[in-house]
Number of protein chains: 4
Amino acid sequence: MMPEHLTRFRVRYPEVDAQGFVHHSRFFQYFEIGRCELLRSLGHSYADMERQGVLFVVVRAECRYRSPARYDEELTLLTRVARQTAVRIDHAYELRRDGTLLAEGLTTIACVDRAGELQPIPDFLKGPEKRKG
Amino acid sequence: MMPEHLTRFRVRYPEVDAQGFVHHSRFFQYFEIGRCELLRSLGHSYADMERQGVLFVVVRAECRYRSPARYDEELTLLTRVARQTAVRIDHAYELRRDGTLLAEGLTTIACVDRAGELQPIPDFLKGPEKRKG
Amino acid sequence: MMPEHLTRFRVRYPEVDAQGFVHHSRFFQYFEIGRCELLRSLGHSYADMERQGVLFVVVRAECRYRSPARYDEELTLLTRVARQTAVRIDHAYELRRDGTLLAEGLTTIACVDRAGELQPIPDFLKGPEKRKG
Amino acid sequence: MMPEHLTRFRVRYPEVDAQGFVHHSRFFQYFEIGRCELLRSLGHSYADMERQGVLFVVVRAECRYRSPARYDEELTLLTRVARQTAVRIDHAYELRRDGTLLAEGLTTIACVDRAGELQPIPDFLKGPEKRKG
């Protein structure tokens, strides 16, 4: 099974726009938190990886907004690896308030070195199927 | 022809992340600037429209990142209406630094009232074809 | 004794600037989280208060930066009420990473109505001394 | 006379909070734009200076808020050097909408090397009095 992780957080005041809703650009920052927490739950730290020259850049991001989120609401974000190749990882996201689906997201990140050149994802980040092989 | 607009702006320091690049979530804020400036070039103000109860919410947003943007670079953003229905507008975006394409985006916004219910896009915002009819 | 509260949180990636440090403007957003969590610890919700027409605006903010904060570090923020008048509250803040003091802040917030006019702070928010009287 | 610069910019949508006003933390980002533009008006680029190992960190920041700023308003920011020592520069700011004073700010920045150690401000950034001496 592909790894997944459930993150819980509360909407902060400056994340909310003049309509009273979380600004649509913020959802991508929430998704990034989800990716980092998924990584942490697998025993890795993105901060450490950057120090070792393993960087990830976002090459594609997409979100469908179903229902607005408001200040101070407690949200849950389900992050899962949808697909992984030698250099890329697709993550899928579902953001909910209690049972209500607020947004669905999809991102593709690519592994690069400090110069920004594509490099293979390190073995320790490979999914269970890959590790078995 | 569908309306389009070219906006020029400079990358601000806090828009750049620890990798030295504009954070991917910021591109959606740039696209929003593009939409507002396109509207302004047509003689309308989004601030005024909100005061009159004509709100737009983003229901879908997508971006493909081609090349990074850095602090203090001057960028140009081409924003155009790709498609318009009775209640929705699709915008397409191309963000460039000189000739280099940095990102391509797509958003769908929907017209809602203060209660968040869908409402028809006002006549004065209808495209030239619609106005002709 | 004046109320105080200790909040714990982790630095998010887009909060860090191109120097690799939390941007100085972000500290004021952390302080705001501290104020909200202090309020919550006293049994109140700022979101509810806004819905009831009790708003607070920041009229003064100050920060002295001692040491930088980095991505993914876990920080603790001590927020306390330093002084309270009929319409204003001064909060003092100490942001730390383990024992190290990163920043000291001070804000003054004023209680206003929906029209932005000063109004007295509601009784339920008055300090213990005031409530005794 | 100490150098000063007048910057003009428009409030962007995600800079405005749920009260409909520019969030107080954003004013410090505006002040940073003012510092950079003042530097640019003197023929220097902060981006270039960082690449040469001349970094500035904010060691103190303060703002007094007089009147709120709203989405899409065009603001003018007067930035001036208030005081300069061998390693520190104090800037003072006045943010206005037409004649109305919205905020007054003060920051102290210190010159550091890549390791974060204090270093003397380069000669080319010294004020006219210093250069004369």
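A disulfide is taken here as a pair of cysteine sulfur atoms within 2.5 Å. This is a predicted model, in which local features need pLDDT of at least 70 and side-chain atom pairs count only at pLDDT 80 or more, while totals for chains, interfaces and linings use all residues. Residues are numbered from 1 along each chain as its sequence is written, chains are lettered from A in the order in which they are written, and side-chain values use heavy atoms, without hydrogens and water.

Searching the whole structure gives zero disulfides over all chains. For C63(A), the closest cysteine sulfur is that of C63(B), and at 13 Å it is too far for a bond.

Next comes the interface of chain B and chain A. Each of the two chains gives 21 residues to the contact (heavy atoms within 4.5 Å). Together they bury about 1,900 Å², of which 51% is on carbon and sulfur atoms; buried area is the accessible area (1.4 Å probe) that two parts lose on being put together, summed over both.

Two salt bridges cross this interface, each a side-chain nitrogen of Lys or Arg within 4 Å of a carboxyl oxygen of Asp or Glu. R60(B) forms a salt bridge with E62(A), and their closest N and O atoms are 4.0 Å apart. On the side of chain B that touches chain A, strand 2 of chain B gives the most, with eleven residues; strands are DSSP runs of E, at least two residues, numbered from the N terminus.

Note on methods. Helices (H or I, at least four residues) and strands (E, at least two) are DSSP runs, numbered from the N terminus.
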